[in-house]
Amino acid sequence: KRREKQEQKMPNVVLATAGYDHTIRFWEAPSGVCYRTVPYAESQINRLVITPDKQMVAAAGNPHVRLYDVNSNNSNPLMSFENAHTSSITSMGFQKDGRWMYTAGEDNYIKVWDMRASGCQREYKCSSPVNTCVLHPNQAELLAGDQDGRLYVWDLTANARTRCVQPDGEVAMRSVAVAPNGTLCVAANNSGMCFVWKLGAEDTSTFELVEQYQAHKGYVLKALFSPHSKLLATTSADKSVKLWSVGKTGTLTSTKTLKGHDRWVWDCVFSADSAYLVTASSDQTARLWDISHGDTIRQYTGHHKAVVCVALQDQ
């Protein structure tokens with residue numbers, strides 16, 4: 001009965017933030033009230049992802065991944081991947097049905113983990129530390145960017161690397177995103193550049209560079225397409241967030257600049273209806289933005305150090 005009461009109190013919208021203060025915070029999205037904190041003593045947290053079944057939030061640190069129950073106040077992980085890498089984990093995600101997880105790290109490796117079995121199922125070595133890794137909507141290709149400016153494509157069916165491009169020399173690749181409709185890939189780097197490739201109908205068999213933009217004056221720390229694939233958000237070390245409309249040919253048009261954070265903006269996530277954006281910043285706060293007006297609706301304060309990752313599930 002006590003467990004049932006706890007579960008009844010948990011909101012339908014799951015919003016979580018984390019960073020350098022070794023704490024995951026869960027928030028009531030509309031009010032800005034923090035209703036739960038989970039300690040993560042051993043390291044900073046680099047990435048938060050909510051599992052596809054919405055039952056757990058996965059936290060990636062150095063060098064482990066731990067998954068916590070969303071629907072209780074239990075501070076102990078339900079699952080743990082200790083020493084998943086030999087250094088800090090920078091990226092993480094799940095196959096759409098939650099059957100497997102992928103991780104990438106500063107040890108130059110991308111790894112694939114079966115959620116129903118122990119141990120790493122596959123690993124792919126890159127040439128330098130991996131800063132970003134995403135799963136193509138087809139669930140069969142991983143795209144990753146490394147510290148030496150390379151963008152890789154790994155075909156999981158063929159179990160082989162199928163592409164490696166270096167669009168801006170050795171300028172570190174910071175973030176890679178694939179549109180949910182599978183038509184475009186964007187890669188952003190430390191010089192503030194965004195590169196846009198047109199993809200094939202179902203995979204990366206077509207990989208045509210169509211545009212490149214000076215998106216920000218500083219590092220682009222995150223690039224992310226909206227769920228409806230019509231917007232791109234970029235966050236930067238220049239303290240701003242920019243919104244771009246996505247044209248039919250892959251062109252990006254800057255539509256809004258969201259200002260309010262005082263320091264680097266590390267991460268962002270769209271609401272399911274593509275109408276709102278949540279951002280995470282070194283200024284120790286997260287913000288909820290109304291995309292149509294470009295205004296901050298809510299500020300989430302309580303972290304004691306930089307907030308570098310955010311996860312949202314509001315479906």
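## Briefing on the predicted model

Over residues 1–8 the pLDDT stays under 50, and the model has 6 contacts beyond four places in sequence for them. Here pLDDT is the predictor's confidence in each residue, from 0 to 100, and a contact means heavy atoms within 4.5 Å. This is a predicted model, in which local features need a pLDDT of at least 70 and side-chain atom pairs count only at pLDDT 80 or more, while totals for chains, interfaces and linings use all residues. Residues are numbered from 1 along each chain as its sequence is written, and side-chain values use heavy atoms, with hydrogens and water left out.

**Confidence and overall form**

- The protein chain has an average pLDDT of 95, and 97% of the residues score at least 70.
- The secondary structure of the chain consists of 1 helix and 29 strands. Helices (H or I, at least four residues) and strands (E, at least two) are DSSP runs, numbered from the N terminus.
- Along the principal axes, the C-alpha atoms of the protein chain fill a box of roughly 55 × 45 × 30 Å.
- Of the 315 residues in the protein chain, 57% are buried. Buried means under 20% relative accessible area, exposed means over 50%, and partly exposed lies in between (1.4 Å probe, protein chains only).
- Among contacts in the protein chain with a separation of 6 or more, 42% are between residues 24 or more positions apart.

- Strands of a sheet pair through backbone hydrogen bonds, either parallel or antiparallel.
- Two strands pair if DSSP finds at least two bridges between them.
- Strand β26 (residues 276–281) pairs with strand β27 (residues 285–290) in the antiparallel sense over 5 bridges. The bridge partner of Y276 in β27 is D290.

**A hairpin**

- Strand β23 (residues 241–246) and strand β24 (residues 252–258) are paired in the antiparallel sense over 6 bridges.
- W244 has S254 as its bridge partner in β24.
- The hairpin of β23 and β24 has 5 residues between the strands, and G250 in this hairpin takes a positive phi near 100°.

**Salt bridges**

- Side chains of opposite charge can pair when their charged atoms come close.
- The whole structure holds 8 salt bridges. A salt bridge is a side-chain nitrogen of Lys or Arg within 4 Å of a carboxyl oxygen of Asp or Glu.
- One of them joins E42 and R66, with the closest N and O atoms 2.9 Å apart. This pair links distant parts of the chain, 24 residues apart: E42 is in the loop between β3 (34–39) and β4 (47–50), and R66 is in strand β6 (residues 65–69).
- E42 is exposed, at a relative accessible area of 52%, whereas R66 is buried, at 10%.
- A network of salt bridges links E42, R66 and E82.
- D267 and R47 form another salt bridge, with the closest N and O atoms 3.3 Å apart. D267 is in strand β25 and R47 in strand β4, so this pair ties together parts that are 220 residues apart in sequence.
- D267 counts as buried at 2% relative accessibility, and R47 counts as buried at 16%.
- D97 and R99 also meet in a salt bridge (3.3 Å, N to O). R99 counts as partly exposed, at 39% relative accessibility.

**Backbone details in loops**

- The peptide bond from N62 to P63 is cis, with omega near 5°. P63 is in the loop between β5 (56–60) and β6.
- Q139 is not a glycine, yet has a positive phi of about 65°. Q139 lies in the loop between β12 (130–135) and β13 (141–146).
- N159, also not a glycine, has a positive phi of about 55°. N159 lies in the loop between β14 (151–155) and β15 (160–165) and counts as partly exposed at 43% relative accessibility.
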